[in-house]
Amino acid sequence: MRSILAILTLLLTTKLLGKKHISQFTIYDYIIGITIGSIAADIILTLEENFLYGITAILIFGLTGFILSYLSIKNEEINNLLNGKPTILMENGEFNFKNLQKTKIPIYKFIEQARLNGYYDLNVLNYAILETSGKISFLPKEEYQTSTPIDFKTELKKDTKQTFCNEIIIDGKIKSENLKKFHKDEKWLQNELKKKKINFQNGVLLATLNKKEKLNIFKNHI
């Protein structure tokens, strides 16, 4: 009975935490996960201990994980504190050695990840970013990007190629530091939003700006 109740409590807690692939686990997801598993094992095997204490501990850890996940979605500062920020390892085809040292990624591991993503020649890469999941995402230079059907239907083939984008609005909050990278300010952003007849900030879920100064806006329909 202790084993069955422990398993049911684990299933309930897992549902509370939500569906996540193992590769999507954050540091606190991992810590909470192994702790809950350890508590469940103690509940099943330590028969002389109070059963309810163990069940309560599992529920507390599960609820803590749920609250942290919710807060990280709603608040960017909390998310950055818990999960960290994406780190640029390569920019404009050049390594950022300071960030490589900071993230403790040896160059041979970087090369391995590039090969796993189909890039055997590092000269074709434009950007490489270490995501908060621990994986490295790559953006090749324009001339090495794979053509798509739209490339054959437009004369502006270069404009259809991907380029590096920065988020300048997330959940209605302006990212001033990213605007400065493009030598833009909030006044410029307000004018651009007015041109598109979008309410400043509150009407925007996400806005990105690329090196070609193309502004992409995703409206908040809620």
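**Surface patches, loops and buried positions in a predicted model**

A nonpolar patch on the surface is formed by M1, I4, L5, I7, L8 and L11, which together expose about 630 Å² of accessible area. Patches consist of residues with over 30% relative accessible area and no salt bridge, with like charges joined within 9 Å and nonpolar side chains (Val, Leu, Ile, Met, Phe, Trp, Tyr) within 5 Å. A salt bridge is a side-chain nitrogen of Lys or Arg within 4 Å of a carboxyl oxygen of Asp or Glu, and accessible areas follow the Shrake-Rupley method with a 1.4 Å probe, only the protein chains shown counting as cover for residues. The structure is a predicted model, in which local features require pLDDT of at least 70 and side-chain atom pairs pLDDT 80 or more, while totals for chains, interfaces and linings use all residues. Residues are numbered from 1 along each chain as its sequence is written, and side-chain values use heavy atoms, without hydrogens and water.

L11 counts as exposed because its relative accessibility is 52%, where exposed means over 50%, buried under 20% and partly exposed in between (1.4 Å probe, protein chains only).

A positive surface patch comprises K85, K98, K102 and K181.

Two loop residues were found with positive phi. Most residues other than glycine have a negative phi. K104, in the loop between α5 (97–102) and α6 (107–116), has a positive phi near 60° and is exposed, with a relative accessible area of 71%. H183 occupies the loop between α7 and α8 (186–195); its phi is also positive, at about 60°, and its relative accessible area of 75% makes H183 exposed.

I55, in helix α3 (residues 51–74), is buried at a relative accessible area of 12%. The C-alpha atoms of I55 and L10 are 9.1 Å apart, although the two residues are separated by 45 residues in sequence. N210, in strand β7 (residues 204–210), counts as buried because its relative accessibility is 7%. A polar atom of the N210 side chain lies 2.9 Å from the backbone nitrogen of K214.

Key:
Lys, Arg positive; Asp, Glu negative; His and termini not counted. Charge placed at Lys NZ, Arg CZ, Asp CG, Glu CD. Helix = DSSP H or I, 4+ residues; strand = E, 2+ residues; numbered from the N terminus. Polar contact = N/O pair within 3.5 Å; in protein donor to acceptor, adjacent residues only side chain to side chain.
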